[in-house]
Amino acid sequence: MPHRPHLAQLRRLLLLPCSSVPVPVPARRLSSPRAMASSSVSAAAAAAQAGGAVAAAEYEDVMGRLSSLITQKVRAHSGNRGNQWDLMAHYLQILELEEPIARMKVIHVAGTKGKGSTCTFTEAILRSCGFSTGLFTSPHLMDVRERFRLNGVDISEEKFLKYFWWCWNKLKEKTDDDIPMPTYFRFLALLAFKIFSAEQVDVAVLEVGLGGKFDATNVVEAPVVCGIASLGYDHMEILGNTLGEIAGEKAGIFKKGVPAYTAPQPEEAMIALKQRASELGVSLQVAHPLEPHQLKDQHLGLRGEHQYVNAGLAVALASTWLEKQGHVERIPLNRTDPLPDQFISGLSNAYLQGRAQIITDSQVNSGEEDKDCSLVFYLDGAHSPESMEICARWFSHVTKEDRTVPSSMVQSQSCGNSQKILLFNCMSVRDPMRLLPHLLDTLTQNGVHFDMALFVPNQSQYNKLGTNSSAPAEPEQIDLSWQLSLQRVWQKLLHGMNNTNSSENSLVFESLPLAMEWLRTNARQNRSTSFQVLVTGSLHLVGDVLRLVKK
């Protein structure tokens, strides 16, 4: 059974000489104090380098083990519909987590869009109020540790490794053919419960991974309060084809006697939520969107008009949690007056990558010779029809209004032109005819048009979790059939059924790095043009772009 490698053993292996053959030692002269000091510094540097190599090797080993838990089943497989749900009870017993979870003060949030933002706002409010917090969200963009935040910061590598091995070894000892190792997301949820209980956080804010009823986070039997973010059409192959069916799955997190809040919903979804709440005797209330004046001239930390809906839900959840813990004096008096300062501080400092995020490409925008050159990425992981519309409105707004873009990102005065480019991919289980028209129509309504659309496979589809390996080098190894079909959909939306030359306004690249190089080359060769690139359709794609830009 594999246990955590002993660091001393790994260091010895890394520091062993290449050969055991004796090497002649030259005569030594007495060293000066300066030489001795220099030698000590060199030795310390070598030891630090070896230690870093050991840590990197261990972390890579852990990522490989996590990768082994990723199933190859398509999402619509029956195993994703709750089959073997009883296994979660076995895992909790193995890890001795039943009692710690029962004591945990949990806020549980489901939804189609905005649930990650709602959780982020909620955690930030309660942290600002002085409570120690744990936040579990998904997916991660660059590093799996992003999923586990302690007091607003990604868990340290040291703590992550400690808790990983604790869970991994206990599960490996007790699982077999009848009780197999948990799948990837279930393992991560179990790891989150272990981290938050061991770190003794005051509040654990949990984002549902998918659905609600059969989600791994739904082992929490008595949360303090539940929330439902905005509902829409997504994961229909699992959750159902109507808003009513989808809402019913999300309402699976409701627990008898536990208060619940929902963002405003379409009528069909609201009916289903109310029905489930009534069956359980749950007090379900609508959390109204926050009004800008309630922030006392501050801005939300997460950008976009839609975030006022998520912030409103977060305020309701945080207020109820505070009330249930006996802190009535800290909650807002009503839903119209300005919020307490601690609420405003939390909301204005909330941060979540990949949602309405603007980032410049330092490779293009740095240096005196590139002062007139501008390549800016507008990142939003929208992947449902409704979120596509929201993303399009945000992109239209920020590219028109320089004041919403940080000064370092505004094109120089000499840039008279701008090129708007779409960088897109989505999972093959999603229907591009439900996504791209919403994006295109909303942009058109706002007077914004793309000059070029680029379609790429996600870089991460070639990577083992946590590695930086590249896409296959040989073109024939790369299946671009999905990207080509996305391009055809795009062309039909632009030109109808006419056979227009697609290369004039859209391109398919074999890999994301090739698309990035094309963008950088064009930006450098057209110094008087500002290149504004919207990256959307997939949070995985957004994470891949962030990884390449921040390298």
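A crossing of two helices is called left-handed if the near helix is turned anticlockwise from the far one by less than a right angle, and right-handed if it is turned clockwise. By this convention, the crossing of helices H14 and H15 is right-handed. The model is a predicted one, in which local features need pLDDT of at least 70 and side-chain atom pairs count only at pLDDT 80 or more, whereas totals for chains, interfaces and linings use all residues. Residues are numbered from 1 along each chain as its sequence is written, and side-chain values use heavy atoms, with hydrogens and water left out.

The chain contains 18 helices and 14 strands, where helices (H or I, at least four residues) and strands (E, at least two) are DSSP runs numbered from the N terminus. Of its 551 residues, 51% count as buried; buried denotes under 20% relative accessible area, exposed over 50%, and partly exposed the range in between (1.4 Å probe, protein chains only). Among the contacts in the chain with a separation of 6 or more, 78% come from residues 24 or more positions apart, a contact being heavy atoms within 4.5 Å.

Strand E7 (residues 260-262) pairs with E8 in the parallel sense over 3 bridges, and Ala 260 stands opposite Leu 284 in E8.

A further open sheet is built from 6 strands in the order E9-E10-E14-E11-E12-E13, again with mixed pairing. Here the edge strands, each pairing on one side only, are E9 (357-360) and E13 (506-508), and the twist averages 20 degrees from one strand to the next. Strands E11 (residues 417-424) and E12 (residues 452-455) pair in the parallel sense over 4 bridges, with Phe 424 opposite Phe 455 in E12. Helix H17 (residues 512-525) packs on the sheet and touches E10 (374-379), E11, E12, E13 and E14 (529-536), its direction making about 140 degrees with that of E10. Helix H18 (residues 539-550) lies across E9, E10, E11 and E14, and runs at about 30 degrees to E9.

Helices H14 (residues 385-400) and H15 (residues 432-445) pack at an angle of about 30 degrees, with their axes 8 Å apart. The two helices are therefore roughly parallel to each other, given that angles under 35 degrees count as roughly parallel, over 145 as roughly antiparallel, 65 to 115 as roughly perpendicular and the rest as oblique. Residues of H14 including Pro 385, Met 388, Glu 389 and Phe 395 meet a set in H15 that includes Arg 434, Leu 435, His 438 and Leu 439. Arg 434 is partly exposed, with a relative accessible area of 32%; Arg 434 and Pro 385 are 49 residues apart in sequence and 5.8 Å apart in space, C-alpha to C-alpha.

Key. Pairing = 2+ DSSP bridges. Axes fitted to C-alpha atoms, helices over the stretch in contact; angles between N-to-C directions.
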